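This report goes through one protein model, from its overall make-up to single residues. Please look at the sequence and the structure before reading on.

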Amino acid sequence: MSEDKQNIIDLVCAVHGEISEKAAAVSTLMAAGRLEGFWSKADNVFYLLRKLTVEHFRREEILLEIIERDERLGPGQMEYFAEVRREHGEMLKSFEDIRRLGADYDKGDAGAIRGLAGKLSELTKFIFSHAEKEDKELFPFAREFLSDKQLSELQARISEL
Ligand SMILES: [Fe+2]
Ligand SMILES: [Fe+2]
């Protein structure tokens with residue numbers, strides 16, 4: 001497999017570092033400040049984290065779809081990729097819940113802050129464990145498994161996003 005084509009997988013997974021940094025920044029703000037004050041500092045980093053993650057999932061879903069279409073996969077492997085997709089769905093839902101709670105808080109619902117803090121804490125932990133699992137399993141697998149043709153398809157479809 002050519003090195004050039006493998007770069008497309010690097011491009012998909014490279015953003016994990018930035019996503020984890022933003023998630024850590026949200027956690028640090030929550031730990032450092034009083035609960036009531038933290039959202040005014042955290043909302044910008046939250047929106048950046050959300051934007052990066054949503055874009056990243058779109059790329060990964062293309063990668064997953066290309067892998068899942070391959071006849072060489074066994075049922076156990078299919079289950080693993082379905083699990084990755086389920087986790088994406090759960091995190092996207094969590095982002096929306098947080099966005100709603102943040103909007104309620106901004107509109108003056110002081111009680112929303114507890115839900116906001118709890119959901120953010122859950123989400124950041126989920127992001128770390130999901131990214132770690134992919135770094136250890138999904139990306140090494142994709143590097144080994146995908147043919148040049150599949151990598152070219154991935155590259156073309158990502159460039160269309
Ligand atoms: Fe993912
Ligand atoms: Fe990922």
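## Model and confidence

The model is predicted. Across the protein the mean pLDDT is 92, and 96% of the residues reach at least 70. Confidence is lowest in helix 1 (residues 3-32), where the mean is 88. Helix 5 has the highest confidence, at 95.

## Overall make-up

The protein has five helices and zero strands, so that along the sequence the pattern reads α-α-α-α-α. Taken along the principal axes, the box filled by the C-alpha atoms is roughly 55 × 30 × 25 Å.

The protein has 161 residues, and 19% of them count as buried. Among contacts with a separation of 6 or more, 72% come from residues 24 or more positions apart.

## Helix 2 against helix 4

A pair of packed helices is described by the angle between the two axes and the distance between them. Helix 2 (residues 35-68) packs against helix 4 (residues 112-145) at an angle of about 30 degrees. The axes of helix 2 and helix 4 are 11 Å apart. Because of that angle, helix 2 is roughly parallel to helix 4. Helix 2 passes helix 4 in a left-handed crossing.

On the helix 2 side, the contact is made by Leu 35, Glu 36, Trp 39, Leu 63 and Ile 67. Their counterparts in helix 4 are Ile 113, Leu 116, Ala 117, Ala 142 and Phe 145. Sorted by class, the contact of helix 2 with helix 4 holds nine nonpolar, no polar and one charged residues.

## Helix 2 against helix 5

Helix 2 also packs with helix 5 (residues 148-159), here at an angle of about 150 degrees. The axes of helix 2 and helix 5 lie 10 Å apart. The angle therefore makes helix 2 roughly antiparallel to helix 5. The crossing of helix 2 with helix 5 is right-handed.

Helix 2 contributes Arg 59, Ile 62, Leu 63 and Ile 66 to this contact. From helix 5 come Gln 150, Glu 153, Leu 154, Arg 157 and Ile 158. The residues of the contact of helix 2 with helix 5 comprise five nonpolar, one polar and three charged. Leu 63 is listed in the contact with helix 4 and also in the contact with helix 5.

## Two single residues

Ala 112 is part of helix 4. It counts as partly exposed because 18 C-beta neighbours lie inside 10 Å. Leaving out residues up to four places away in sequence, Ala 112 touches Leu 101, Asp 104 and Tyr 105. Between Ala 112 and Leu 49 there are 63 residues of sequence separation and 20 Å of space, C-alpha to C-alpha.

Ser 94 belongs to helix 3 (residues 75-106). With 18 C-beta neighbours inside 10 Å, Ser 94 counts as partly exposed. Its contacts, again without residues up to four places away in sequence, are Lys 119, Glu 122 and Leu 123. Ser 94 and Asp 109 are 15 residues apart in sequence, and their C-alpha atoms are 19 Å apart in space.

Definitions and conventions:
Residues are numbered from 1 along each chain as its sequence is written. Chains are lettered from A and ligands numbered from 1 in the order in which they are written. This is a predicted model: local features need pLDDT of at least 70, side-chain atom pairs count only at pLDDT 80 or more; totals for chains, interfaces and linings use all residues. Axes are lines fitted to C-alpha atoms, for helices over the stretch in contact, and angles run from 0 to 180 degrees between N-to-C directions. Helices (H or I, at least four residues) and strands (E, at least two) are DSSP runs, numbered from the N terminus. Angles under 35 degrees count as roughly parallel, over 145 as roughly antiparallel, 65 to 115 as roughly perpendicular and the rest as oblique. A crossing is left-handed if the near helix is turned anticlockwise from the far one by less than a right angle, and right-handed if clockwise. Two residues are in contact if their C-beta atoms, placed from the backbone, lie within 7 Å. Ala, Val, Leu, Ile, Met, Phe, Trp, Tyr, Cys and Pro count as nonpolar, Asp, Glu, Lys and Arg as charged, and the others, Gly among them, as polar. pLDDT is the predictor's confidence in each residue, from 0 to 100. A residue is buried if 20 or more other C-beta atoms lie within 10 Å of its own, exposed if 12 or fewer, and partly exposed in between; C-beta atoms are placed from the backbone.
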